[in-house]
Each structure stands twice: as C-alpha cells, then as structure tokens.
Amino acid sequence: MSQWSQVQQLEIKFLEQVDQFYDDNFPMEIRHLLAQWIESQDWEAAANNEAMAMILLQNLIIQVDEQLDRVSQEKNLLLIHNLKRVRKLLQGKYHGNPMHIAVIISNCLREERRILAAASMPVQGPLEKSLQNSVVSERQRNVEHKVSAIKNSAQMTEQDVKYLEDLQEEFDFRYKTIQSLEQNDKNSALIKQEMLALQAMLNTLDYKRKEVLSKIGRVIHEIDMLMNNMLTEELLDWKRRQQIACIGGPLHGGLDQLQNCFTLLAESLFQVRRQLEKLDELLTRLTYDGDPIPVQRPQLLEKVSFLLYNLFRNSFVVERQPCMPTHPQRPMVLKTLIQFTVKLRLLIKLPELNYQIRVKATIDNNRRFVLCGTHVKAMNMDESANGSLSVEFRHLQPKEMKTSAGSKGNEGPHMVTEELHSISFETQVCLYGLTMNLETSSLPVVMISNVSQLPNAWASIIWYNLSTNDPQNLSFFNNPPAATLSQLLEVLSWQFSSYVGRGLNSEQLNMLAEKLTGQQVSYNDYQLSWAKFCKEHLPGKSFTFWVWLEAILDLIKKHILPLWIDGYIMGFVSKEKERILLKDKTPGTFLLRFSESNLGGITFTWVDQLENGDVTFHSVEPYNKGRLSALPFADILRDYKVIMADNVPENPLKYLYPDIPKDKAFGKHYSCQPNEVSKPSDGGGKGYVPSVFIPVSKILNDSTEPHSPSDLLPMSPSVYAVLREHLSPTAIETAVSCKLSHS
C-alpha cells in the first residue's frame, strides 16, 4: 500500500493536519495523481543536489503533462484547469531554484510519515502536544490582529500629519499676507480681527501638534509592547519548533506568517519615522513658546530607531540549519572538508534591500576550525520560490587547523562528538539613514573527522535539542541534564518515522524503555541520564544502547525498508515476550525481531509442536547486512528450508504473526515468484543455467535451534523445480544432507 493510500485512511483529525501543509507551493492534486511516482523518487537527496533536483523537476513536469493528456481525453474541465495552473507554477516558480520544490516535497512526505506514525500511537507524545498547544494558535491570531491594527493606526496618523501640514501652510500664507501690509493697514479693525483668527489658528496648530505626537507615541508604545511580548514569544516558539523538527519532529511552519508580521511592523516604524521627520520640517518653518515638537520629537525618534534595530536584529534568522548534502536527515553534524549548506532569511522583506545585504559566515572563535569556500554572499529575493529575502551558502567546508606542534587536535570519539561549535553570521543593513549591524548563529553543531563518528555525533544533537531551548549553550555537555523518558521515546520514534518511513508503536516503545532502564517504569516520571543513553554499555554487551539502535536504523534503511514500512517487522520484542506471543499460535507462525546481542541483526522465530503436543520454538541466527547484501530478506523468508532428522527439507514459516499467510505479507517483495522459475532448457546467460541461493538450516534431534543460516546452497531455480518433478523427497534429502555433512 502506498504512503498516500495510508494517509487517505486516517481519521479526520489527522487528515486536517495533512491539509495544513499542502498549499499552492505543492498542490494536493499533484500529490494525489502522482502518488506512486512521487514516493519512488529520492527528494531528500535532490534537496541538496541542484543537478538531481533539476532532473526531478523536469520529470515531474513530464508526469503532469501525461496526466494532462489523460484528463483531456476524459474532458474533465476542472482537472484540466488545475493541472495547467500547476504546470505553469512548476515551470515559473521553481525553474530557477529546483532544489526548493525538492525540499517542499521531501518535507511533505516526511510530515506524512510522522502523522502516520502519530496515528498508530495510542496517545500523542508530550513534545508534539506542547507544539500544538491551542494557546499558541490563539496567540498567533492575536499577533496578526494587533499588527494589522498597528498598521491602520500608523496610516490614520499619516492623515493627521497631512492635515497638520495643510493647516500650517494656510497659517503661513495668512500670516505672511498680514506681514506684507503697510503699518497703517495693520491698525485697521479688519486686520485686528484677522490677527485674532490667526491666534485661534495657532492654538489649533498647537493642539493638533500635541495630538499627532500623542498618536505617534501610542503607535510606538503598541509596537514596543507587541515586540517585547507576543512577537518575541512567537519567534522563540518558531525556533523551538525548528529545533524539534531538526531531530525528526513535526515539520515546523509559520515563518512566512512571522515574516509578514515583521515586515508590516518595519513598514509602520519607517512610516512613523517619516512622520517625525515631517514634524521636524514643520518645526523649521514655525515654532513658538510651548511648542511640543522640540521637546517630544527627539525622544520619540530615538525610541523608533531603537525598535527598528531590535526588529531587524530579531528578524535575522537561520531558516535552514547547517546540513551535509550527503546526510540530509542528520543536520548539524558536519564532517571536516565536506561541504554543507545553510540558509538564512531576513524576516523584513523590503524591495530596497534586495542584493544590498552581504552576509559573512564564520565559525566560533576557538580558532580550532575555519570555514573554506564562499563565505560571503548577498541576500536576495530571487533564489527563494516564495520571494523571501534570503541567502543560502552551499559550498562551505569546515577545516581543522593544525596545532603549533603540527598535529591536529584531540579526535577521541567522546571528545569530538560532545564538543559543540557554532556557525556565526554577520551583516550590516543601511537603510533610510540608519546603519544596523546584525548577528545570528546556527544551533550548536558537532564536528567529526570520520563518518564512523556520525552516530555518536547525532546522539549529541538529539540530546541537546531535546533537553534545552537555549540556542547557544556550547558548554552543554560539561554537565548534560537528564531527559524525561517519555520525551526521549517520542524522539526515538521520530528517528524511525523520518529516517525509515515508519514510527514505533507503544509496544515497541515499551521494549525500548525496558532496555534503557532495565525495568518497567512510568514514562512520565523516569529521568534518563546522557551516559545511560549513549556512553554506558548495555548489560553484558560491548556496545551502548544508541549504537545498537543506530545499527538497526542502518539495517532497515539499506536492506529491509519495504518490509518495515509495510509494518510486518515487529522488531522490538524480547525473547521472553515473543514466546508469550507465539505459544498459542498455529505451528509455523513466526515473527521478525531485531537481535539484542548482534549489532544490526534481524532474526525470525517460529513456533512448532512436538508429537507429544509440547510447544517448541526455533530462532535462526541473526542475519546481518553482509548476508542480506547477498540475498534479499523477503527471498530468505520464501525459500528458507529446515532439515529435521529423518525428514525432507521444508519451509517451516507459514504465517506471519498473528495469522497472516506468509506469501500474502511478503509476496510483492519477492525478487521472482515461484511460478516464474524457468526450465533447464531455457538456459542462462552464455549457456549457463541461472542460479539462486537457498538458505537451509539443519535441526538435530537433541537441539531446538537450527544450525547457522549462513549455509546458503547454490541451486538454480530451474534445477530445483526439475528435482522436485523427477526425484523422491528422500533422494533430495540425501543429496542436501551430504552437502551439509561436507560443509
């Protein structure tokens, strides 16, 4: 079943979540019509590879064209209209930046997997629940409402300033007219009456000046209050959501909404600043005793400049954290001399700033590392599909500096993977006479010099971003805090949903909890240490919990991904629990679980019944990535044979737990179906008969465990089929037994 088919079967509350991240950037019609094709492409790799992204974009347009031809024949007018609109969007919006559509589609697929994983959980995890707080949503709406109200207030004040300017021009004209008269004319009753009128007008001018200054002061106060309270909280929440998304959590959104708020506030502040400049201009033409402008204007202007600086400072954000293109799902882990990408955005989108802001990237000041490559670039509105003012560094490389003794620094596994660094960015904004120096930094990154250090480095990234919302605590691992077990388990499930397409259910998480703690505990109360998670070996093992789990993730990704996504691998179940599950099942019922003693191993256990009615269990020696590279796991399950004493070879695997026929579960993943086996006369390449490996184990009378499953007997499918036709089972058994006895 495709991922999209699974999504469509979700409850309405989950479908509403899906609806939120499909918009005009990637319409849902295309996701629906091209579901199978979209899911078969590697969008994550394309998101960091421009050439690959361009090819995928071109192929996507071709797929849309094919759908357009089909619906044109069906005369579906509405769908024809929508597909033409989508085609125009893809060509116009993403042609100059194909990686952006790859990022969007990759994020959508990843978010679908996360929602599917969440739907399989009995309750929503604590971290995800906190991110979807209704109070937060209400605050977002309040911020947008207040920003709109402030914009309207600034606009109304603009009209008041214009009225004040017109009133002063009339006063100037009438005053200069009187001044131009002869002295005798000034003493006339008419002129005295005009002077009284001018005095009344001056009183009105004074009142309007005070009123305008008061209104400007209120607008400034409202902006100040909004920035220091709700807008700051919104920005911090977005940064926290970004942290969680980086370690596999829900897709973080809301940056475009924040950009709209920041931009409107900046426009309002610049408008107020122009109004204050206009008041200064009016002041040079007319002043008087008690004039409020020279008293209040400097303070208001200083406050506006201060707010503008803070607004610009907070608007300079890292939109996409540092990430190596070779490991898109492991951000913030950087390998020396390997390129990484990072994207920054200025949330104040003003056309005057396009290509006017140059950003410089540096690494933290310990001088152990330097950045090679293009580390100064200009922000622009052309590279982003949504027209945001941003810059993306694509060719930065960290390089480790040699010490004075000529050797590199300490690269021990713990020293490197627990040492945090920061990528810093600085720029200068010059606008309307203001000069503002801005700085921001990435979340802490871990530097590695060898790919073998990546698992522990990623564990450090997970622990940091799970445990703190402090964006710059580089000394975090000097005394790492404990983590709540419930939150850690939620993050571990995200590792599976984001990396291998399917999260963990409550039973699987229970097994991991027991493995971490050695006992059954309450998720909400238990605090787990960093050492227990990543540094201390599991009891009786030579590896840590995290190394064991990471090896399983690698095994799934490279060798058994389709079976995992289908949900047919129980995986995390102890030997004791598996026997409880199987003991009352039909003989031949089996389940698949990950080895607890071998790194990156998967095994299967089946239940059998002896002649006296007793139940017995058989577990095969775990298959690792070396064996699975030689033979697909689905084929192993199909072709696996056991030779019992005095019996013919047979496949003991009949039903996948609880009662799914084996071929129904795994049939679509077999490399070839049994009925497709060719006859010997068909021949193979260059006259040879094609051959396959058949896994065979032998169980002795005094053993319930099969021999090693590594006994893979080469036998062509055609030969095996003919043997079944022409030889008795006893003869086949004798031949296979002879082979086993000499192996």
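A residue is termed buried at under 20% relative accessible area, exposed at over 50%, and partly exposed in between, using a 1.4 Å probe and protein chains only.

**Figure 1. Overview of the predicted protein chain.** Buried residues account for 48% of the 743 residues in the protein chain. The chain contains 26 helices and 21 strands; helices (H or I, at least four residues) and strands (E, at least two) are DSSP runs, numbered from the N terminus. Of the contacts (heavy atoms within 4.5 Å) between residues at least 6 apart in sequence, 70% connect residues at least 24 apart. The accessible surface amounts to about 35300 Å², with 51% belonging to carbon and sulfur atoms; areas were computed by the Shrake-Rupley method with a 1.4 Å probe, and for residues only the protein chains shown count as cover. The model is predicted, so local features require pLDDT of at least 70 and side-chain atom pairs pLDDT 80 or more, whereas totals for chains, interfaces and linings use all residues. Residues are numbered from 1 along each chain as its sequence is written, and side-chain values use heavy atoms, with hydrogens and water left out.

**Figure 2. Helix H7, residues 77-94.** The 18 residues of H7 span 26 Å from the first C-alpha to the last, close to the expected 26 Å at 1.5 Å a residue. The expected span of a helix is 1.5 Å times one less than its number of residues. The buried positions of H7 are Leu 79, Ile 80, Asn 82, Leu 83, Val 86, Leu 89, Leu 90 and Tyr 94.

**Figure 3. Helix H17, residues 485-499, and the glycine that follows.** H17 has 15 residues and extends 21 Å between its first and last C-alpha, close to the 21 Å expected at 1.5 Å a residue. The helix is mostly covered, with 14 of its 15 residues buried. Gly 501, which follows H17, has a positive phi near 85 degrees.

**Figure 4. The cis peptide bond between Tyr 657 and Pro 658.** Omega for this bond is about 5 degrees. Pro 658 is located in the loop between strand E18 (655-656) and strand E19 (660-661).

**Figure 5. Met 332, a non-glycine residue with positive phi.** Its phi is about 70 degrees. Met 332 lies in the loop between strand E1 (316-323) and strand E2 (333-335). The residue is buried, with a relative accessible area of 0%.

**Figure 6. Tyr 432, a non-glycine residue with positive phi.** The phi of Tyr 432 is about 55 degrees. This tyrosine occupies the loop between strand E9 (423-431) and strand E10 (434-441). Tyr 432 is partly exposed, at 40% relative accessibility.
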